[in-house]
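Visitor: Please put the model up. I would like to go through it piece by piece.

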Amino acid sequence: MRWETGFAFALIFAGAVPATGQEGGPKTLDQLAPEIDALFAKFQADQHVPGLVYGVVKDGKLAYVKGVGVQNIDDKRPVTPDSLFRIASMTKAFTALSILKLRDDGKLRLDDLAEDYIPEMKGWTYPTKDSPRIRIRDLLQHVGGFVTDDPWGDRQQVLPQDEFTKMIAAGVPFSRVPQSQHEYSNFGYALLGRIVSKASGMAYTDYVRQTILTPLGMTSSGYDAPQAPKARYVLGYRWENERWTAEPEMADGAFNAMGGLQVSARDYAKWVAFLLSAWPARDDPDRGPVKRSTVREIAQGLNFVAVTNRIGSTGAAACKQAAAYGMGWRVAQDCDLGLTLAHGGGYPGYGSHVMLMPDHGVGVFALSNRTYAGPSAPAWDTAVAMHKAGLLEVRAVAVSPAVADLYALSKAAYAAGNLGPLRGRLAMNFLMDRSAENWTAEFARLKAEVGECPADEPLAPTGAMSTAFRLKCTKGKLDGQLLLAPTRPATVQALRFRVVRDAP
């Protein structure tokens, strides 16, 4: 399939040379703090939230954190970065990574049938004769065919394991044929908890603690929330009849893998920093409890892409997002923020949200203690505010030796007015797509319009085999794209030029 020239330029420059969005020069995070605080203060007031904590992780550390309100409306103990909140469905990311770690260790395969680990599923009646049987990856990405079950699933947290076994054995009414459409399922992630236990040979909670929590130093986090230290325990409330009412405190149970984890902001920041550290791919030692390549795998939204609005106040005016469910994360490409991974958490007594921007090494999260009061809007608005303030630095892609070499020869060809400098370095398609004579004519046409181009701007590579570039010419500027072929030695398969109109 061939790229149309105009589309190729639009695509490569949109990705390689993004606008910074900053207004009046870059700010520091401390300078932006009052704006961030105002976003969350408005959320707290509008949503009647007794207490919340929010934080920004940047460059591997908790760069900003603030607790507001109270842990408990009776004793008025203030929320701090050490207060312990339930994070509800943000737990699913820990479950998904546990599954991937077990895959890495050879304990399971993502294409294994779930019933191989949960024998009670073998007797299920599927909705059609041609329904595929549910795989582990179907549960990870919510394509198991189960009905969306947010209010019901949230109350199953306390279900004893033996009662869950009976529920599985009784079978489920399917919402749709498995693998046919995304439909969010807490029940599906509870099944994943069972699979973690079966494949690891230990309780799900023990596996998460030994594999993720303890290695990351998340010593305050755990699943038996009501047993947490009372001085830091955040009680959950619902807002009803113009007053707060305490929700039942739910002990650890069979649905813990879908939403039972309790964390402090300081602990959760370690998790966010660990995930972000997987980007970019690099050669230095892999020291995490899970491989960097495996962490990056969670961003593969492999099913049923949707077009959505960005969350928050800028959503209506911003570019549409292309979004899909990855592995424990909602994955979207955003015009301003780049790759984003996000997930909310809604639970009786709690609401939470996290969003990661791996292209920039930044994450924003917030935890609250009011039923389903997920602070998604202020979290995303914080990310957009950081973008506008110039605080989302683009991690430059390194210029590969092959790109540097062939770019230099391409500039030399322009200066010479013919393809002579590239002789022996052109892919077999190059002169089939445009003859050497027509290239000479094209160079003459461009020079007549913009002149010689003795200088250039830094390259904007889009990978090790391609780059966008800009030449500074005596009468204007030229934008270009260099695309190499998958050959050894490297050769040029495409070279594009475009005159910059009304360039600043």
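Visitor: To which strand do eight bridges join β1, and how do the two run?
Guide: Take the terms first: helices (H or I, at least four residues) and strands (E, at least two) are DSSP runs, numbered from the N terminus. Two strands pair if DSSP finds at least two bridges between them. Eight bridges join β1 to its antiparallel partner, strand β2 (residues 61-69).

Visitor: Before we go on, what kind of model is this?
Guide: Residues are numbered from 1 along each chain as its sequence is written, and side-chain values use heavy atoms, with hydrogens and water left out. Local features need pLDDT of at least 70, side-chain atom pairs count only at pLDDT 80 or more, and totals for chains, interfaces and linings use all residues, for this is a predicted model.

Visitor: Which residue in the turn between β1 and β2 has a positive phi?
Guide: β1 and β2 form a hairpin with two residues between them. Lys58 stands opposite Lys61 in β2. The positive phi, about 55°, belongs to Asp59.

Visitor: Which other strand is joined to β1, by seven bridges?
Guide: In that strand, the bridge partner of Val53 is Leu367. The two strands run antiparallel. The partner is strand β12 (residues 362-368).

Visitor: How many residues of β1 are buried?
Guide: Buried means under 20% relative accessible area, exposed over 50%, partly exposed in between (1.4 Å probe, protein chains only). Gly51, Val53, Gly55 and Val57 point one way, while Leu52, Tyr54, Val56 and Lys58 point the other, and all are buried. So β1 is largely enclosed by the rest of the structure, and the count is eight of the eight.

Visitor: How many aromatic pairs are there?
Guide: Rings of Phe, Tyr and Trp (its six-membered ring) pair if their centres lie within 6.5 Å; planes under 30 degrees apart count as stacked, over 60 as edge-to-face and the rest as tilted. The count by this rule is 24.

Visitor: Why is the pair of Phe40 and Tyr54 stacked, and at what plane angle?
Guide: Phe40 lies in helix α2 (residues 29-47) and Tyr54 in strand β1 (residues 51-58), so the pair ties together parts that are 14 residues apart in sequence. Both Phe40 and Tyr54 are buried. Their ring centres are 4.0 Å apart, and the pair is stacked because the planes lie at 5°.

Visitor: At what distance does the charged end of Lys447 sit from the ring centre of Tyr414?
Guide: A charge sits over a ring if NZ of Lys or CZ of Arg is within 6 Å of the ring centre and within 35 degrees of the ring normal. Lys92 lies over the face of Tyr189, at 5.8 Å from the ring centre. For Lys447 over Tyr414, the distance is 5.4 Å.

Visitor: What arc do the buried residues of α15 cover?
Guide: In α15, the buried residues are Trp439, Glu442, Phe443, Leu446, Lys447 and Val450. The arc is that of the directions from the helix axis to the C-beta atoms. They lie on the same side of α15, because the arc they cover is only 135°.

Visitor: Which exposed residues does the face of α15 turned away from its buried side carry?
Guide: The buried residues of α15 pack (contact means heavy atoms within 4.5 Å) against α13 (401-416), α14 (430-433), β15 (466-473), β16 and β17 (491-499). The face turned away carries Glu437 and Ala448.

Visitor: Which residue just after α15 takes a positive phi?
Guide: Helix α15 covers residues 436-450. The phi just after it is about 85°. The residue is Gly451.

Visitor: Where is the cis peptide bond with omega near -5°?
Guide: Another cis bond joins Trp279 and Pro280, with omega about -10°. The loop between β16 and β17 holds Pro489. The bond asked for runs from Arg488 to Pro489.

Visitor: Is His142 buried or exposed?
Guide: His142 has a positive phi of about 60° although it is not a glycine. It is found in the loop between α4 (136-140) and α5 (150-154). With a relative accessible area of 2%, His142 is buried.

Visitor: And is Glu242 buried or exposed?
Guide: Glu242 is found in the loop between β4 and β5. It has a positive phi of about 60° and is not a glycine. At a relative accessible area of 65%, Glu242 is exposed.

Terms used. The expected span of a helix is 1.5 Å times one less than its number of residues.
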